[in-house]
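User: I am new to this structure and would be grateful for a guided introduction. Could we begin with the interior and then turn to the charged side chains?

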Amino acid sequence: MCHCVKSPDLFDPVEDKKNELRTLIRAQRQRKSTALRNQAEQLICHHLSLLTKPYSVIACYVPFGTEIGLTQFINDEQQKGAQILLPRLGPRLSRAWAWFKSWDDLEESAPGRPLQPRGEVLEAQAVAQAQCVIVPALATDRSGTRLGQGGGWYDRVLSFVEDDIPIVAVHYDEEFFETTYLPSLPHDHPVTISVTPHHVYHVRPHPHD
């Protein structure tokens with residue numbers, strides 16, 4: 001199986017539609033109050049704790065910008081003894097992972113990047129160790145299409161995840177497209193579950209190679 005993902009064509013009309021949605025959703029998120037954001041994080045962390053009960057190795061993320069935080073979830077999972085994989089930059093800005101040890105162990109790798117663990121750099125394929133993968137999203141739909149930030153980071157690394165592993169996208173309630181479909185391209189990797197503050201959707205991803 002080839003795990004190469006074609007870079008998005010910035011002049012593609014589908015990319016134009018995706019970028020329009022990203023701009024709209026980011027603006028809506030910026031208007032949310034701190035109290036609402038904190039409540040959303042608390043509710044989502046509760047859903048995730050229930051979803052991941054059977055798992056001892058979980059890949060997730062440290063939020064950046066308007067992404068929903070998972071602080072309480074990560075703390076609870078670590079207290080239960082689960083191992084947590086977090087994204088980090090590898091050599092020559094390659095996509096990689098590292099094990100979460102503590103919040104004090106996180107560092108800023110570069111401007112405009114989320115905090116990442118200082119530990120051993122694991123190759124992108126390390127995500128295959130996870131029994132569940134949790135990713136940030138700006139939106140998802142009933143078909144499992146995920147709208148990300150536009151860099152293609154997760155589309156590439158998720159190609160190493162086996163088809164029977166749950167891929168969980170996290171976002172706000174109004175960012176789930178229940179009756180319409182998000183614009184998508186062949187390189188967009190689907191998710192299997194969408195978690196919002198008040199709902200858990202088991203979606204039906206399109207088949208992928």
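**Core and salt bridges**

Analyst: The largest nonpolar core has 47 residues, and those with the most contacts inside it are Leu48, Leu70, Trp97, Val133 and Ile134. Helices H2 (34–51), H3 (71–80) and H4 (153–157) each supply at least two residues of this core, as do strands S1 (57–59), S2 (83–89), S7 (132–136), S10 (167–170) and S12 (193–196). The model is a predicted one.

User: Which residues does Leu48 touch, not counting residues up to four places away in sequence?

Analyst: Leu48 is among the residues with the most contacts inside the largest core. With residues up to four places away in sequence left out, the residues touched by Leu48 are Leu70, Phe73, Ile134, Val168, Val170 and Val195.

User: Are Glu15 and Arg22 buried or exposed?

Analyst: Glu15 and Arg22 form a salt bridge, with their closest N and O atoms 3.9 Å apart. They also belong to a network of salt bridges that includes Lys18 and Asp188. As for their accessibility, both Glu15 and Arg22 are buried.

User: How many residues apart are Glu174 and Lys32?

Analyst: The side chains of Glu174 and Lys32 meet in a salt bridge, at 2.5 Å from N to O. Glu174 is in the loop between S10 and strand S11 (176–177), whereas Lys32 is in the loop between helix H1 (13–30) and H2. The pair therefore links distant parts of the chain, and buried means under 20% relative accessible area, so Lys32 at 15% counts as buried while Glu174 at 46% is partly exposed.

User: What is the relative accessible area of Glu107?

Analyst: Glu107 forms a salt bridge with Arg118, their closest N and O atoms being 3.4 Å apart. Glu107 lies in strand S4 (residues 106–108), and Arg118 lies in the loop between strand S5 (115–117) and strand S6 (122–123), 11 residues apart. Arg118 is partly exposed, with a relative accessible area of 45%. Glu107 is also partly exposed, and its relative accessible area is 26%.

User: How many salt bridges does the count come to?

Analyst: The pairs discussed above include Glu15 with Arg22, Glu174 with Lys32, and Arg118 with Glu107. For salt bridges, the count comes to 8.

Conventions
Residues are numbered from 1 along each chain as its sequence is written. This is a predicted model: local features need pLDDT of at least 70, side-chain atom pairs count only at pLDDT 80 or more; totals for chains, interfaces and linings use all residues. Side-chain values use heavy atoms; hydrogens and water are left out. A nonpolar core is a set of buried Ala, Val, Leu, Ile, Met, Phe, Trp, Tyr and Cys residues joined through side-chain atoms within 4.5 Å. Buried means under 20% relative accessible area, exposed over 50%, partly exposed in between (1.4 Å probe, protein chains only). Helices (H or I, at least four residues) and strands (E, at least two) are DSSP runs, numbered from the N terminus. Contact means heavy atoms within 4.5 Å. A salt bridge is a side-chain nitrogen of Lys or Arg within 4 Å of a carboxyl oxygen of Asp or Glu.
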